[in-house]
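Hi everyone, thanks for coming.

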Amino acid sequence: MSRIDMKTVFAVVLVAGVCMPSVIWAAPVVVTNAKIHTVNPSRASAQAIAIDDNGVILAVGTEEEALAAAGKQARLVDLRGMSVLPGFQDAHMHLIEAGVNEILCSFEPFDTLGNTLATVEDCMASSKTDWVLGSGVSMTNLLDQDDNPIALLDETSPDRPVLILDDIGHGAWANSAAMRAAGYDVADVNPSGGIILRNKKTGKPNGIVLENAQQRLRNLAFPATAENIEFAYESLLPTLETLAENGITSVSDAGGFWPQGHVEVWRKAVAQDTLTVRASNALYIYPDLAFDEQMAALRKLYSNDASSLLRFNQAKIYVDGILEQRTGSVMQPYRKGAGIDHGFDSGFLYFDVSTLNRYSSALSKAGFQLHYHVTGDRGARLALDAIEQSDPQPGPHRLTHLYLVDKADYGRFKQLGVVADFQLAPSSINAEYIQFIRGFIGQRAEHLMPARALAASGAEVVMSSDFDADELSPLVKIQAAVTRKDNGAADVATAIEWMTINPARLLRQDKTTGSLEVGKLADLVVIDRDILSIPIREIAKAKVMATLLQGRPVYDPERLFKE
């Protein structure tokens, strides 16, 4: 048959202001000759799956069973022995930021100072915006080479604001013009939730800001103008394609910088029918905004229509920073002389404890799932304490990253119904990184990200990417998690659950996604080989062949599902 008109295939109906696919196929489809892993314990494997013309699963089983359910008009798709899994669900990533970072001037994190300054000059020459914008610099590496880097930018650009974002989302490098615009040139105290580093000789800002201090600069550089929203939207589109290429059908964007127009960017993707994932997104909680005003704004932005591809139903609460900047909040102090010297020997908190608890209680009562950024063991404990005082109804609530967790808190995850969200990418668990972190926290680095230990204690575990800070590929992460000697996934099936049904429960969509069962939506990924039967160290070499969102092919380069 010839390919039917795409406007017919992707006809949409408005549901609460959101475009949703109606008729996907002209007739039901039966996927056959496949190795189907359902992630449904009552029927773990199958050879065929029937999908109706609305993208709902009619049958999972033998070819005969699928054909009987689909009817005589069904069209067969022969996968020639390929494997099928539920679509991967990545519950923690920074999608808009990843897209924008690809378009900004790019820096190498650990480059020489000379090369970094040459990139700044190239960036200035090519930039057409009021601000010179780039990303990718390691603040630690920069400060190791120059303790007053603001002067370097001022020599190149004395009047035009320059803002270079770091490589991990926890800092920025700015010139004096940018610092003046933010009011940081005269500030003699740190802004709420942030740190302004200072020249040790003069006491003046040295151009490096950490944690929430960067947000005021970001908001100035990326205001929610129509032009910037369009820029961010155009940046989002290639990242959506990348998700589909990796078999990812559901995400939770953890950026949520709503003053920069991020909500409008996602809504535009819905309106333009370019959204190719289910998105259960977060809104960033600013430590430096007035409580009542921020809560009022967040309530207006909240959305939680289960029939929509897009929801803003999570609150992203940063409790602490990161270990490599000594801003992760730890119970025992960092090693002396290691890393950035900002005066916080045991790490840093975005909110004082009473304000953290106040926000947690108010946000959960407003219907938000609580999504806490924590890297240090004290940060994890404070987040668990806050959840204990919050409304469990919108949950499950979760803690993400969890580089350090005190063993005394393991049992609290199950007790409180809290999900443990880990990023077990190769770059986060390899020997070089462990050795690097050991320089900050000593032997505690041997127990980073205790995923298996928490799972054994009864906690629900999910595995996400933190893209673009870490690798995106679910197949790469599955291999890394299973081959991890300590605290990885027990087996491949477990790692798959951590990226399918478990995040579906976290995102409150397990009734419709996360496994391949009758009545659920056909969110699925086709892989060229069976990752449950091949050698573990070959899993990352497997290739995604097609990705379907509610039966709709959002990635199908070989046209396996063509009509």
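Let's start with N502, which sits in helix α20, residues 501-506. Helices here are DSSP runs of H or I with at least four residues, strands are E runs of at least two, and both are numbered from the N terminus. A quick word on what we're looking at: it's a predicted model, where local features need pLDDT of at least 70, side-chain atom pairs count only at pLDDT 80 or more, and totals for chains, interfaces and linings use all residues. Residues are numbered from 1 along each chain as its sequence is written, and side-chain values use heavy atoms, with hydrogens and water left out.

So, is N502 buried or exposed? Its relative accessible area is 5%, so it's buried; that word means under 20%, exposed means over 50%, and partly exposed is in between, using a 1.4 Å probe and protein chains only. Its side chain makes a polar contact with the side chain of R505, at 2.7 Å. By polar contact I mean a pair of N or O atoms within 3.5 Å; within protein, one must be able to donate a hydrogen and the other to accept it, and residues adjacent in sequence count only if both atoms are side-chain atoms. Not counting residues up to four places away in sequence, N502 touches E460, V461, V462 and E497, where contact means heavy atoms within 4.5 Å.

Next up, helix α9, residues 226-245. It has 20 residues and reaches 29 Å from first C-alpha to last, close to the 28 Å expected at 1.5 Å a residue; that expectation is 1.5 Å times one less than the number of residues. Its buried residues include I229, Y233, L236 and L240. And what covers the buried ones? Among others, α3 (95-103), α10 (262-271) and β25 (544-549).

Last stop is D528, in the loop between β24 (524-527) and β25. D528 has 27% relative accessibility, so it counts as partly exposed. Leaving aside neighbours within four places in sequence, D528 is in contact with M82, A542, K543 and M545. The side chain of D528 also makes a polar contact with the side chain of R529, at 3.1 Å.

That's my tour, thanks.
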